[in-house]
Amino acid sequence: MGLAEVLPTQERLVPIRELEEMRERSLRDPEGFWSEVAGQLHWFKSWERVLEWKPPFARWFVGGLINASFNALDRHIKTWRRNKVALIWEGEPGDSRTLTYYQLYREVNRFASALKKLGIEKGDVVAIYMPMIPEAVVAMLAAARIGAVHTVIFSGFGPGGLAERINDSEARVLITADGFYRRGREICLKAIADEALAKCPSVEYVIVVGRIGKRDTPMQAGRDFWWHEVVEGAENYVEPTPVESTHPLFILYTSGTTGKPKGVVHSTGGYLVGVYATMKWVFDIRDEDVYWCTADIGWITGHSYIVYGPLLHGAAVVMYEGAPDYPKPDRWWSIVEKYGVTIFYTAPTAIRMLMKYGDGWVARHDLCTLRILGTVGEPLNPEAWMWYYRAVGRERCPIVDTWWQTETGAHMISPAPGISLVPLKPGSVTLPLPGVDAEVVLEDGKPAPPKQRGYLVIRRPWPSMLMTLHRDPERYKQTYWSRFVGWYFTGDYALKDEDGYFWILGRADEVLKISGHRIGTMELESALVKHSAVAEAAVIGRPHPVKGEEAVAFIVLRDGFTPSEKLRKDIEDYIRKTIGSIAVPGLILFVSKLPKTRSGKIMRRVIKAIVTESEIGDLSTLEDEASVDEVKKAVEEFKRIAEEAMEK
Ligand code: WT7
């Protein structure tokens with residue numbers, strides 16, 4: 001299929017000029033532009049200044065007072081949306097629940113009241129470690145209602161990852177569940193939480209949702225309470241706390257280039273303005289839509305585009321608990337058909353996985369309600385793009401490939417059918433959204449010539465940008481604003497083509513993208529070396545057909561340990577229990593030494609070149625040449641075994 005056929009054929013298309021004009025105006029008069037957008041939300045008190053920019057710290061809508069829960073709920077229940085569906089939830093076993101805006105509002109109020117009764121106040125941190133159930137959304141909005149700061153920790157993290165995040169945030173309360181269903185199995189979340197909690201002195205209370213009816217869930221008297229019990233004695237209404245626009249709405253941890261995860265702090269006012277605007281521009285959200293984002297609420301995509309974005313618009317949101325291919329590879333398509341999903345947003349890794357199952361599973365479902373398909377998290381390769389467009393969208397739906405990050409809070413570079421749809425190119429995220437001053441630059445900061453790789457930077461602040469890193473403003477400055485002074489450094493490689501379209505080429509730092517999840521190589525290495533058998537570890541990424549990338553760990557064992565299949569399994573289990581399953585390396589290889597520089601730094605670049613069979617490059621700083629042969633030997637040995645296994 002040629003590109004011409006991918007050009008917009010949608011109804012409701014307005015001339016592209018409209019997008020150009022909007023972009024031009026947003027950059028000429030950013031303050032006027034953003035205050036117009038902000039005016040569409042409810043403020044208890046209007047702001048005095050749109051932006052206070054003391055690089056690298058930005059404060060948006062200074063002086064304004066706002067509440068996220070009020071904007072997501074109270075605003076709607078005063079209108080006809082009171083009885084409109086807010087959440088359509090489906091559990092993995094096939095059970096389902098729907099909540100109207102009024103019902104969601106009531107649940108949020110009652111849970112906010114329960115939190116207050118426990119003494120949780122404005123500014124306190126509420127940790128949320130929950131499966132994909134409606135109570136997760138309720139917990140986030142309830143915290144926001146009373147001005148508490150939520151920190152959601154993905155339910156796939158193990159006790160180590162959970163404890164580290166709870167401790168860094170100093171959360172006073174943890175909200176969790178007895179468990180959830182995944183691929184037909186019960187995952188006992190509370191048991192994992194208990195293991196973490198033994199190392200979390202800040203947590204005073206734990207509230208547990210009974211999702212799987214596990215009656216023998218251990219509950220610690222005075223600390224642990226069942227959700228249904230605490231809401232029983234709660235009030236029906238809690239006054240929303242008006243907070244300053246710059247009051248943190250949440251902290252969300254993400255991986256960086258050191259061993260320690262970063263606590264990304266988002267504001268309330270600026271963040272809400274960013275997600276509200278992009279929800280409209282990118283997804284063209286309307287009252288008649290049934291919107292489904294398949295992300296987990298534990299990631300920024302869940303925060304911005306399951307919870308805040310759609311609810312600010314009073315949209316109907318689908319939420320699903322389980323695995324995409326359980327019990328059959330068409331589970332997702334059956335959900336789209338069953339609820340009449342109109343906007344569908346997912347990740348490239350999921351598209352590639354479902355593509356592998358073949359067209360038949362998609363073709364047997366009537367997907368005629370779909371009108372916009374979205375993707376995020378890593379580059380969407382043209383082959384997967386075309387499959388998504390053809391097999392899922394039936395060549396009727398534009399694909400919005402959205403580039404953004406935990407730190408940016410909201411979409412930054414993406415097609416915007418809600419404004420006007422530019423011609424699409426499979427694999428490109430197209431053009432920056434209004435208000436986003438993105439550029440691709442070379443080492444010296446000069447714009448890269450067309451088709452030349454450079455660093456993606458953002459040259460001015462935007463409302464939904466992170467405010468800082470929790471308890472580490474210095475690292476905030478260092479990580480994002482020191483590479484090119486005055487500009488935000490994204491950490492991504494990109495290029496612009498002859499039409500000015502952006503193409504994201506992957507991370508330019510020591511961060512891997514495994515199934516769209518961000519894993520810092522050093523975070524994984526420092527977890528590996530805590531295993532009693534591991535002396536040293538080096539982690540690199542290599543391309544993977546479904547996951548996009550996979551981690552390969554090279555391990556030097558301590559004296560007295562010898563490589564074995566059992567030890568490899570043991571190390572994998574150790575990572576699963578500490579960081580969590582998302583960080584388990586795809587491949588573990590044992591070597592007797594690692595390539596290092598004379599000053600002792602591991603040369604990941606050299607290891608990566610060997611694994612990916614590319615040019616090794618300059619070796620003049622290498623300390624010991626035999627280490628390179630060691631890595632080569634391990635890689636060849638692995639290939640031989642893999643080929644033998646293939647032949648069998
Ligand atoms: C990194 C941010 C933002 C929600 C999910 C990921 C990569 C993100 C795209 C895209 C190519 C993408 C970048 C970015 N990325 N979207 N459309 N095309 N790459 O959030 O975990 O903060 O990761 O994901 O490398 O820097 P995150």
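This is a predicted model: local features need pLDDT of at least 70, side-chain atom pairs count only at pLDDT 80 or more; totals for chains, interfaces and linings use all residues.
I began with W299 and looked past its neighbours within four places in sequence: W299 is in contact (heavy atoms within 4.5 Å) with F154, F157, L252, H517 and I582. Residues are numbered from 1 along each chain as its sequence is written, and side-chain values use heavy atoms, with hydrogens and water left out.

**Entry on W299**

Next I looked up where W299 sits: the loop between β16 (290–293) and α10 (300–312). Here helices (H or I, at least four residues) and strands (E, at least two) are DSSP runs, numbered from the N terminus. L252 is 47 residues from W299 along the chain, yet I found 7.7 Å between their C-alpha atoms.

**Entry on the two domains**

I then turned to the domains, whose bounds come from an automatic or database domain assignment. Domain 1 covers 96–241 and domain 2 covers 510–647. Their centres, taken over C-alpha atoms, are 37 Å apart.

How many residues of each domain are in contact with the other? I noted eight from domain 1 and eight from domain 2.

The size of an interface is often given as the accessible area lost when the parts come together. I therefore looked up the buried area, which is the accessible area (1.4 Å probe) that two parts lose on being put together, summed over both. Domain 1 and domain 2 bury about 500 Å² between them, with 53% of it on carbon and sulfur atoms. On the domain 1 side, F154, G156 and F157 lose the most area to domain 2, together 49% of what that side buries.

I also found one salt bridge between the domains (a side-chain nitrogen of Lys or Arg within 4 Å of a carboxyl oxygen of Asp or Glu). A salt bridge joins the side chains of R165 and E523, at 3.6 Å from N to O.

**Entry on the ligand**

For R518, a polar side-chain atom lies 2.7 Å from an oxygen atom of the ligand. For T402, a polar backbone atom is 2.8 Å from a nitrogen atom of the ligand. For G377, I noted 3.2 Å between a polar backbone atom and a nitrogen atom of the ligand.

Conventions
A polar contact is a pair of N or O atoms within 3.5 Å; within protein, one must be able to donate a hydrogen and the other to accept it, and residues adjacent in sequence count only if both atoms are side-chain atoms.
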